[in-house]
Amino acid sequence: MNKALKLIKKNALLSKIDSQHLKELITNGQILIKTYQRGEEILTPQEFERSLILILSGRVNVLKSGLNQKETFINCLKENDLFGMASLFYETSEYPSKIIARKRCRLLIIPKEIVEQLLESELDFVKAYVKLLSQKIHFLNQKIRTFTGGDASEKLYLWLKMQAQENQDLILPCSMSE
């Protein structure tokens, strides 16, 4: 529990929550810590819960299905990254992507009801959440630019540039021969 709390406090959004309150929410089972094995589906378009999720350890892949049902790699999320915002407050019957464990991972899962309580009671949490959503909008605009800009070599250049800016390590979603 203490190790998880230390990791949670490193997150820009969740560090705004009072430590004792956070510990109580975890102890009472209102916030869950779950482990997923490599390849296990975490969220899918058909099966998801409205939650804010923090990666405590491991990595997850974000995939998007096209009209032909072919999955496209969108991003690799690592320790201290958050996901789940896409369906947290937007009432839809499908989650917009598939999230799978890239390798064994531990996740902190904060249900919508708890996020709502935090938004009502923690002004610093509200400010950090708005900042996070703004960062996500910027990220998605960069993705759109990458997928719509120029010829194949320019798209590849923009994608590699964006990956280099986001990660210290460049993790390709395929083998070197592919």
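In what order do the four strands of the open sheet with S2 in it stand? The order is S2-S7-S4-S5, and the pairing is antiparallel. Before going further, a word on what you are looking at: this is a predicted model, in which local features need pLDDT of at least 70 and side-chain atom pairs count only at pLDDT 80 or more, while totals for chains, interfaces and linings use all residues. Residues are numbered from 1 along each chain as its sequence is written, and side-chain values use heavy atoms, with hydrogens and water left out.

Helices (H or I, at least four residues) and strands (E, at least two) are DSSP runs, numbered from the N terminus. Two strands count as paired if DSSP finds at least two bridges between them. In general, strands of a sheet pair through backbone hydrogen bonds, either parallel or antiparallel.

S4 and S5 make a hairpin with five residues between them, and Gln69 in the turn has a positive phi of about 70 degrees.

Buried means under 20% relative accessible area, exposed means over 50%, and partly exposed lies in between (1.4 Å probe, protein chains only).

Now for another open sheet of four strands, with the order S1-S8-S3-S6 and antiparallel pairing. Strand S1 (32-36) and strand S6 (82-83) are its edge strands, each pairing on one side only. Strand S3 (residues 51-57) and strand S8 (residues 105-111) run antiparallel and are joined by six bridges, and Leu52 has Ile110 in S8 as its bridge partner. Helix H4 (residues 112-121) lies across S3 and S8, at about 65 degrees to S8.

What about the inside? A nonpolar core is a set of buried Ala, Val, Leu, Ile, Met, Phe, Trp, Tyr and Cys residues joined through side-chain atoms within 4.5 Å. The largest one here has 26 residues, and Ile8, Leu13, Leu14 and Leu108 have the most contacts inside it. Helix H1 (2-8), helix H2 (19-27), S3, H3, S8, H4 and H5 each give two or more residues to this core. Leaving aside neighbours within four places in sequence, Ile8 is in contact (heavy atoms within 4.5 Å) with residues including Leu22, Leu54 and Leu108. A second, separate core of 17 residues includes Phe48, Val60, Phe83 and Ile99.

Next come the aromatic rings. Rings of Phe, Tyr and Trp (its six-membered ring) pair if their centres lie within 6.5 Å; planes under 30 degrees apart count as stacked, over 60 as edge-to-face and the rest as tilted. The structure holds three such pairs. One of them joins Phe89 and Tyr129 edge-to-face, 6.5 Å centre to centre and 85 degrees between the planes. This pair links distant parts of the chain, 40 residues apart: Phe89 is in the loop between helix H3 (85-88) and strand S7 (98-101), Tyr129 in helix H5 (residues 123-148). Phe89 is partly exposed at 35% relative accessibility, whereas Tyr129 is buried at 6%. Tyr129 also stacks with Phe125, 6.3 Å centre to centre and 15 degrees between the planes. Phe125 and Tyr129 are four residues apart in helix H5, so about one helical turn separates them.

Finally, the cysteines. A disulfide is a pair of cysteine sulfur atoms within 2.5 Å, and a search of the whole structure finds zero. Cys76 is buried at 8% relative accessibility, and Cys105 is buried at 1%.

Methods: Axes are lines fitted to C-alpha atoms, for helices over the stretch in contact, and angles run from 0 to 180 degrees between N-to-C directions.
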